[in-house]
Every structure is written in C-alpha cells, then in structure tokens.
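Student: Please show me the model, and then we can go through one chain and one interface.

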Amino acid sequence: MSAPAVDTLSRSRWRRALRGIVSTHHRNIGFGYLSISLLALVVGTGLSLIMRLHLAWPDWQLPLHGEVLPEEYLALVTMHGTLMLFFVLTVAPQSGFGNLILPAQIGARRMAFPRLNALGMWLTLASLLTLLTAFFVPGGAPIGGWTAYPPLSTTPLAGPGQGAGMDLWLGSIALFCVAGALSAVNTLTTVVKLRCEGMSWQRLPLTVWSWFTAALLAVLAFSVLLAALLLLFCDRHLHSGFFLPAGELVNGVLLQHRGDGSPLLWLHLFWFFGHPEVYIAILPGMGLTSMVLANFARRPVFAYRLMIATTLLIGLLGIVVWGHHMFVAGLNPFAGTVFSLSSLVIALPATAKVLSWLATVWGARPRLTTAMLFALGFVSLFITGGISGPILAQPVLDEYLHNTFFVVAHFHLIMAMAGVFGLFCATYYWYPAIFARQLSEALGRVHFWGTLLGAYATFLPMHLTGLAGEPRHYAQLNPGMLTTPGSVLLQATLPLQRYITVSAVFLAVAQLPFVINLLLSLRSPAVAVENPWSATTLEWAPTDIEPEVFREPCCYPVTEGQQLGAEGQQTAEGKFLTQWSPETASNPEPE
Amino acid sequence: MSLLQPSSSTFWPLPVDAAAHGPAMDAHLRLNLWIALALVALAHLLLLAGLARRRAARQKAGQAWQRLLWLEWLPLAALTVLFAWLAVGSERLWAVERFTGADPAAMQVEVTGMQFAWYFRYPGADATFGRTELALASAAAGNPLGLDPTDPHGADDLVTSQLVLPAGREVDLTLRAQDVIHGFAVPQMRLKQNALPGQTQHIHFTPETPGDYAILCTQVCGLGHYRMQAALRVLAPAEFERWLAAREAGVSNGVQP
Amino acid sequence: MPATLTPPELDRRPDRLHDRDHDHHLGEGDNGNGRRPPTDKRTGGNGEGDNWSDRPHGHRGPRERLSQARVGMFFALGGDLMFFVALVSVFFVTKSSGHFDPYSRWINEWLPTAIPSVLWLNTAVLLLSSVTAEIARQAMFHEHDAMDEWFGFGRPISKRATLWLSLTLLLGGLFLAGQWAAWDQLAAQHVFFRTNPSSHFFYLITVTHAVHLFLGIGGLIAAIMVLQGRRSLATRQVLVDSTVWYWHVMGVLWIFLFLLLEFGQ
C-alpha cells in the first residue's frame with residue numbers, strides 16, 4: 001500500500017488519477033466507497049437539518065425554495081433515511097473500511113475478486129446517482145419513508161413523488177442490492193480463502209469476524225429485498241397485486257386487482273431484510289470498538305472467544321427478530337409474542353459485548369487518544385441507544401411507542417450515533433496507516449466532545465417527546481394553531497422539538513473541527529510513522545515481509561517481575577507481541 | 001381538564017391515561033423506563049470508574065475462567081432473569097388485551113381510515129353494519145364509506161367524523177382502510193393498531209374517564225398524514241345515550257351529520 | 001503428484017530461524033512442551049497429506065484459485081437461492097390468501113394455471129444439459145490430458161471440454177426456446193402475466209429462472225471462448241468449473257420450481 005512515486009509532469013498526474021479511478025485495487029475501491037458515503041452523508045445531513053428546522057418552525061422559508069410543503073417534508077424524511085441507512089451506514093463501515101483494511105488485517109495482498117469488487121463499487125455509485133435524481137423528476141422524491149409500505153408505494157395516485165420518484169427509488173435500491181450482494185460475496189471469499197499463513201479462525205481480529213458476519217447477513221438479506229422490489233415493480237407496472245387487496249379507493253379512483261394481495265406481505269419481506277440490515281450497519285463498529293479498546297488499554301479483549309461467538313450469534317439471531325417492527329401492523333398477536341421473545345434474547349449477546357468492553361478497560365488507565373475516545377463514545381451510545389430496545393421489544397409497550405419519537409431516539413442513538421462514532425473511530429485509528437500522516441489529537445478531542453454532547457443533546461429528549469405521544473413523520477405539530485385534542489397534545493411537544501433542532505444544528509457544526517483536521521493534515525507532507533498506536537494486528541505490519549501470524553491479536557505478556565510505572569501505568573507501551581512477530585514470550589496471556 | 005395531566009408520576013411525560021387497561025400498561029412501562037435508566041446509569045458508572053481506576057498486577061492465568069464467570073456469565077444470567085420477569089409481565093398484559101376478542105356484549109363501532117380523515121360508523125338500532133362497496137364511496141356525495149343503499153341494514157347506520165363513546169363500556173373497534181395503510185392511535189387510551197386496506201382488524205378497550213382525546217394517524221399515509229386527526233369524545237353513559245338517540249333520530253329522518 | 005515431492009517453485013519462502021520444537025503451524029498451537037512430535041509441514045510429508053493453506057499466497061497449490069472461485073460461487077448461489085426462497089414464500093402466501101366479501105363469505109380466488117406440457121420436455125432437456133456440462137467439467141481435470149497439454153501434445157482438454165460445453169450450450173438454448181414456446185402457448189390461450197395471481201407466479205418464476213439461465217449461457221459462451229485461447233490450465237479450470245456448478249444449481253432449482261408449478265398449485 002505504498003504511495004505511488006510523485007511524477008512532475010501534470011499529464012501523468014491525470015493519468016495517475018484515471019488509473020486510480022478505474023483500478024481494481026482494493027485501496028482505490030475502498031476510497032471510492034468512502035467517497036460515495038461522504039456524498040450521501042453530506043446530502044443526508046443537509047436534508048435532516050431542513051427537516052428539523054421545518055418541524056420546529058413550520059413557517060421558516062428555505063432559501064431559494066420557499067416554504068417546505070408537507071409532501072416535501074415527507075420526501076426529505078424518505079431520502080434522509082434511504083441515504084443514511086444504505087449509503088452511509090451500510091457502505092462505509094462494511095465496504096469502505098472493509099476494502100481498505102480487511103486484506104491487510106488477514107495478510108492478503110488483494111481481495112478475492114478484484115473486478116467483482118470494482119463492479120460492486122460502480123453499481124453503488126450508479127445507485128446513489130439514480131436515487132439523487134429522484135429529487136428532480138416531476139412529483140419529486142418519494143414520500144413513503146425508507147420502508148416504502150404499499151399501497152402508498154405501489155400507487156402513483158397515492159401521493160406526489162410516488163410516480164417517477166418512487167420508480168427511481170426502486171431502481172436505485174435494486175442496484176444497491178446487487179452491489180451489496182457482490183461485495184459481500186467478495187468479502188466472504190476473501191476471509192475464507194485468503195488468510196495468510198498462521199491466521200486461523202481463532203486468530204482473526206474481531207473486526208474481521210464482524211465484516212464476515214455482516215457479509216453473511218448481507219448476502220441473505222439483500223436477495224430477499226431484491227425479490228420484494230421485483231414484486232413491487234410488478235405491482236406498479238405490470239398490473240399484479242402481490243401487495244394490494246382486490247379493491248382500493250385511492251384519490252377517488254377505484255383500483256381493482258385480481259387476487260388478494262396484502263400489504264402485510266411487503267412488511268414481512270422488507271423487515272426480513274430490514275432487521276439484518278441494521279445489524280450489518282452496527283457489527284463492524286462493535287468489532288472495531290473491541291479491538292481499539294483493547295489496544296489502548298494494552299489488554300487482550302476480555303473473553304475473546306466469547307466475543308467471536310456473540311458476533312456470530314447476533315448475526316444469526318438478527319434473522320429471526322423481524323416481526324418486532326410489525327407488532328401493531330396486523331400480525332397475529334401470538335406471532336407478536338414469538339418475535340418479542342427472540343428480540344429480548346438478542347439483547348443478551350449484545351450485553352455480553354458491553355460487559356466485555358467494560359472489563360477490557362477496567363483499571364487499565366488507557367491512553368485516551370481520539371480513536372480511543374470515540375470507541376468509548378461508541379460504548380456509551382450503544383448502551384444508551386440499546387437499552388430502549390428491550391422496551392420496544394415488548395408488544396404491549398410497543399403498542400404505545402410504535403412510530404413515535406421514542407423509536408426515532410432509539411435507532412438514532414444506536415445507529416446514527418454509535419454507528420457514526422464507529423466510523424470516526426475507524427478514521428482516527430487507521431488514518432496513519434492509510435495516509436502515512438497523523439491527525440491532530442487536540443482538534444480530535446474538540447471534535448469528540450462536541451459530537452458526544454451534540455448527540456446526547458439532540459437524541460435523548462426525543463425519548464420524552466415520544467413518551468408524550470408524538471408520532472413520527474409529522475410535517476407539522478400544530479397546523480393552523482388549532483385547538484383540537486390532537487393539536488393540543490402535539491403542540492405541547494413543540495418546545496422540546498425546538499430545543500432538539502438547536503442541538504442538531506450544534507451537532508452538525510461540531511463536525512467542523514474534523515473537516516479542518518482532515519484538510520490540515522492532508523496538506524502536510526507524508527511522514528511514514530510505523531505503528532504509532534503500538535498495535536498488534538496485521539494491518540500495521542511492515543509491508544516488506546511476507547505476512548505470517550503466530551498468535552492471537554492483543555498479546556501483552558506480563559512477566560512476573562514487571563514493574564508498573566510511578567503513576568500506575570505501564571511504562572512506555574509495555575511489552576507487546578504483534579501478530580506477525582515470530583519471537584516467543586515466556587508468559588503469553590492465554591484467553 | 002388538562003389533557004396533559006400526567007397519570008401519577010410527574011417524571012415520565014406520559015399523557016393522561018383514560019382506558020381501563022391503561023394503568024397496568026403505564027405501570028409496566030414506567031417500571032421498564034426506570035430499570036432502563038438505572039442500567040444506563042450503572043453501565044456508565046462502571047465505565048467511568050473503570051477508566052479512573054488503576055488495577056493491581058495481573059492475576060495468574062489459571063483464574064481466567066473465574067473472571068469470565070463473574071464478569072460475563074453471572075451478569076448475563078441476572079439480565080436473563082430480569083428480561084424473563086419483564087417479558088412475563090408484558091406478555092400477560094398483551095394476552096389480556098389481544099389474545100382474546102372483545103366481550104360479546106361490547107359496543108361495536110367501525111373505524112375507517114382514508115386519505116386523510118377518519119370516519120366512524122355505528123350500527124344503529126338493528127345492531128348490524130350495512131354493506132359497503134368501495135365503488136359507491138364518495139365523500140363529496142356524502143357517502144364516504146360507500147354504504148350500499150339497497151341494504152336495509154345500512155339504513156340506520158350512523159356515520160360520524162368524531163368517535164363518541166360512553167365511559168365504562170367495552171367497545172370493539174373494527175378497523176378498516178380504504179386506500180393505504182393508516183395507523184389508528186389514541187395515545188391517551190394507550191391504543192394503537194394499523195388499519196390495512198383489504199383487511200379488517202379488531203381491537204377492544206374500555207374508556208373510563210369522560211373527556212376529549214386525540215386520535216392520530218401513526219403510519220405515514222401521504223402528504224396529509226400529519227393532519228389526519230380526529231377527536232375521541234368519551235361521555236358519561238346517560239349523556240351518550242342522549243347523543244346517540246338524537247343522532248339516530250336524525251338518521252332515520254334522512255339527515256346525516 | 002505424489003505427496004512427498006516438493007517442486008522447487010513451491011518452496012519459495014525466505015529462510016527463517018525456525019526452532020523445530022516451536023512448531024507454530026495451523027491447528028497445532030504453541031506446543032513447546034513435547035505434546036506432539038515436531039513436524040515440518042513444508043513438504044507435506046509425515047503421511048499427513050499436503051497442508052496447502054499453510055503457505056504464502058500464490059503458492060498454495062494447483063487448486064488455490066479454483067477453491068477460491070468455488071467458495072465465491074457457493075456464497076453467491078446461496079444469496080441467489082434466498083431470492084428464490086422469497087419468491088416461493090410469496091407464492092404460498094398468495095395461494096392461501098383471500099378476503100371476506102360483503103356477504104361475509106370467504107373468497108379465495110386462486111385459479112391454478114395449467115402448465116403447458118412442453119415444460120416436461122424442457123425439464124428433460126435441462127437435465128441432459130447438466131449431464132453434458134458435468135462431462136465437460138470432469139474433462140478439465142483429467143491428469144493424463146493435462147500432462148499432454150503441458151508437454152505440448154495438442155490440446156485434448158480444451159477440445160473435449162469445448163465439445164461438451166457446446167452441447168450444453170445447445171441444450172440450454174433449446175431449453176430457453178422451449179420456455180418461450182410455453183409462454184407462446186399460454187398467450188395463445190390468453191393467459192398473460194396479469195391474468196390472475198397464479199399466472200403472475202408462473203411468469204414470474206419462469207422468467208426469473210430464464211434470466212438466470214441466460215446468464216449461465218453467457219458464462220458458457222465465455223468459457224468456450226477462453227478454452228480456445230492460450231490461458232493457463234488453472235484459469236480454464238476455474239471458468240469451466242464455476243460455470244458448470246452454476247449450471248447444475250440452476251438445473252436443480254428448475255426441478256424444484258417446475259414441481260412447484262406443476263403440483264404445488
């Protein structure tokens with residue numbers, strides 16, 4: 001992964017850029033994926049800020065546009081969800097950082113199928129561009145939410161944006177499914193077949209286990225979504241009625257279909273995909289957190305084998321919990337009980353992971369670098385966001401809380417914030433390996449504290465508005481200043497929503513130190529610092545040796561007479577054995 | 001009467017609770033919330049304490065399984081017991097509310113959701129709902145539900161845009177939707193159920209306290225989703241009888257509200 | 001190749017100071033305590049067979065790329081099968097769904113679509129094509145012919161495989177033509193996609209399978225073309241093997257889908 005030699009001719013700079021763009025090398029593909037995610041992140045965040053400003057101050061005029069209409073608000077919600085979930089939280093941790101780091105961590109020189117990998121990246125880009133064009137077609141972007149429930153999503157008559165906009169959404173996500181499946185096949189084959197000498201399954205870093213499990217989920221889940229999208233396409237354009245009842249009256253027009261489809265079928269298919277999807281989004285972050293915590297605490301990951309097992313278990317259980325999105329959707333109530341039990345069970349391996357994280361840092365006086373701070377932030381947000389999961393997993397409680405802001409708080413804390421903290425942790429941690437430069441720790445700390453405070457300030461109060469009964473997807477809380485019971489109920493949540501909006505703007509602004517940090521560091525010259533974090537995993541190994549692995553990661557042997565430093569910390573970095581170093585230790589820490 | 005008067009605790013901002021099954025659900029919800037808060041606080045305390053502490057020299061390797069037991073298996077076992085206990089409590093409440101249908105003596109009301117309004121239908125004196133055909137439905141013509149004029153049972157059906165119920169009597173709601181999925185929700189009755197086109201859903205509850213409550217739509221259904229609201233008016237039984245009688249008289253005189 | 005021979009190009013690892021007592025190879029762990037006799041896995045000797053994965057990349061034996069391709073194909077086909085599992089589940093749900101009419105009668109409008117009998121012929125053709133494909137695949141691995149090619153005595157592997165793959169291609173094309181004929185026959189009876197729910201599924205299932213098979217035909221053509229060229233034996237083996245496995249899975253899948261359409265309606 002050494003940087004290419006600098007060429008003074010500008011013509012060859014273009015040629016180099018072109019070669020980088022069409023390359024099948026996993027590093028370039030990883031950058032491609034991260035660029036896609038970055039574009040989606042910027043657009044998605046912008047959309048969310050418009051949403052928040054409109055919700056808090058409905059009369060606010062968007063510059064160059066005017067007032068945000070209710071259907072436009074719903075279009076913002078739909079596109080925000082789609083962009084963030086698919087293009088940021090699925091692409092960046094799994095395909096972006098996976099491509100950059102996975103081969104190095106298993107000692108492979110390349111991914112298993114480089115051309116397939118490149119195809120996946122270009123399909124993802126095509127998918128993103130297709131999605132973004134939905135804003136510009138007549139009718140605008142779709143308004144059914146990222147979940148696209150029929151009949152709203154099958155019937156152009158049902159709302160603006162459900163015509164051409166919905167078709168573009170459909171095509172975009174179908175492309176994404178294919179790309180995701182191809183990328184997952186590549187990841188799986190790489191992990192199974194391209195591990196270097198000595199890299200047994202038990203010696204794989206937890207990040208690799210997480211990418212592996214997420215790829216398994218992806219290959220299963222995206223196929224089902226593709227099937228559902230195909231059926232939705234048939235319903236929209238080929239006069240079938242898989243998701244539509246025999247007759248429905250939409251907008252004054254009676255639509256009739258042969259047969260008795262049900263929208264509930266879409267819900268089953270979609271959520272069978274949708275729940276593994278959110279585990280795909282969070283698993284890489286969990287694996288990275290374990291490894292980063294262990295690294296800066298200079299400890300082995302507590303209960304390493306158990307962590308491998310919990311990663312796989314979360315993946316496996318994630319396939320059988322989808323009904324908890326459908327407790328009040330028309331399911332048989334007995335099914336509700338079954339899904340409730342499986343959803344509660346999945347909290348157990350997640351808790352095991354939290355316990356491992358706590359035990360790994362306990363008493364270690366870790367070095368609080370920015371990457372470590374973000375890993376700790378991940379733990380905090382994962383706990384706070386995750387704890388509302390078991391509450392929502394109980395149908396009688398979900399009956400009250402379903403589709404309220406309580407759910408919005410839950411998934412934003414655990415996906416948007418913990419997931420994004422995972423991405424920031426990855427950036428700060430692997431930046432020296434990828435760019436041979438260092439990011440400023442001071443700016444990083446400012447970034448961390450601002451983001452952590454902003455995250456809690458924005459999303460914690462949403463629990464309260466949700467408990468007060470405020471539903472999701474409401475463009476306005478008290479239109480026309482009415483005094484109906486509904487308006488009075490919702491209007492009471494408006495002050496808190498205004499506060500949340502202010503916090504959200506603060507959270508967005510708090511990302512500026514990060515941007516400045518990146519720009520400043522990229523302008524400085526590259527200085528190769530070998531293994532600045534004294535890490536033990538293979539991506540930090542010198543690139544001139546043939547990689548061979550001799551032990552598990554995070555091996556910090558403590559000899560009998562080792563002295564602790566005056567402040568109770570291990571002196572310098574203490575003794576640590578990297579995975580690639582052949583020397584043996586007298587007392588390697590077994591696990 | 002303030003709609004936001006909280007039930008008993010003033011910490012969690014739950015709205016007033018006016019249904020028979022509400023207090024039990026609220027109690028369970030509050031229990032869950034306090035436990036959640038406690039667990040979050042405990043976990044963060046452990047995290048911060050762990051970061052602040054410095055641990056003595058490492059124990060010998062042979063005690064790894066003991067650390068595993070205390071730090072992983074026992075807390076997991078405790079959590080499993082906690083979850084099992086919460087689950088049993090919650091499934092009991094769910095079973096009471098959903099596993100069995102309404103009492104045969106419950107009042108029948110049909111709720112129909114359409115873009116973007118709720119309509120409510122009372123069966124009238126013959127206690128039978130008349131037939132509806134989607135082809136006949138036209139809100140502009142005064143027949144939003146598509147009542148079939150040839151069906152005698154439909155002649156006395158009362159269609160309203162407000163749901164009016166007597167306090168203290170169980171009501172069985174039949175939920176229907178004409179066009180897209182709508183979410184019928186009454187936060188102050190702790191009630192929520194999606195209405196799907198082509199299907200009927202049944203939920204039953206007993207409103208206890210007279211007052212005016214909010215009916216909201218909680219499944220995004222189009223651009224008017226945010227204003228698809230209705231009012232639930234719970235009246236004292238005598239007052240409700242008067243209201244119903246007056247309305248049914250109006251229906252029989254050919255005047256729909 | 002006999003297990004004890006180590007051709008020099010397979011043993012290109014840099015020299016290292018290896019203590020034989022600290023055998024760190026896979027599956028053995030750090031066993032400096034005399035639990036197992038020290039073994040040098042570099043030659044794959046001691047009767048334990050070749051341990052190909054315990055080597056650097058690119059030196060993991062003649063089946064390295066082939067096994068990578070097979071693993072990749074396995075996962076890809078797994079995902080593809082989930083796609084069909086989803087469609088089949090929807091089939092069963094739709095078959096049993098109904099509604100209450102205004103007279104409170106339960107109406108189930110499922111009208112099975114009569115399958116054109118040409119589909120039986122198509123199934124037989126596809127099964128036959130799997131047989132020819134397998135013959136082609138096996139031909140790629142005949143050691144005797146591989147040695148002949150290596151020595152320069154003609155190209156028996158490519159010739160034999162091309163012959164059988166061409167037959168497979170022909171039969172595959174025949175299958176697709178037969179599917180088209182089936183659709184024509186149904187259209188002549190005015191049974192189109194939109195006619196009723198069971199016809200939705202007939203067309204959906206047969207068309208998606210045909211699209212997959214069309215991709216398989218593309219793979220066959222690519223394999224045949226590569227066989228004519230000068231690519232290495234490993235490359236040719238990978239292409240033919242992957243295509244034929246894909247073909248087999250599509251064939252087995254077709255049997256299941258056909259039985260579903262024929263007897264499951």
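Tutor: Contact means heavy atoms within 4.5 Å. This is a predicted model, in which local features need pLDDT of at least 70, side-chain atom pairs count only at pLDDT 80 or more, and totals for chains, interfaces and linings use all residues. Residues are numbered from 1 along each chain as its sequence is written, and side-chain values use heavy atoms, with hydrogens and water left out.

Student: Among contacts in chain C between residues at least 6 apart in sequence, what share joins residues at least 24 apart?

Tutor: Helices (H or I, at least four residues) and strands (E, at least two) are DSSP runs, numbered from the N terminus. Chain C has six helices and two strands, in the order α-β-β-α-α-α-α-α. Of its contacts between residues at least 6 apart, those joining residues at least 24 apart make up 70%.

Student: How many salt bridges are there between chain A and chain C?

Tutor: A salt bridge needs a side-chain nitrogen of Lys or Arg within 4 Å of a carboxyl oxygen of Asp or Glu. In the interface, 44 residues of chain A are in contact with 43 residues of chain C. The number of salt bridges between these two chains is zero.

Student: Which element gives the most residues to the side of chain A that touches chain C?

Tutor: The elements of chain A that give two or more residues to that side are α6 (164–193), α7 (206–237) and α8 (263–297). With 10 residues, the one giving the most is α7(A).

Definitions and conventions: Chains are lettered from A and ligands numbered from 1 in the order in which they are written.
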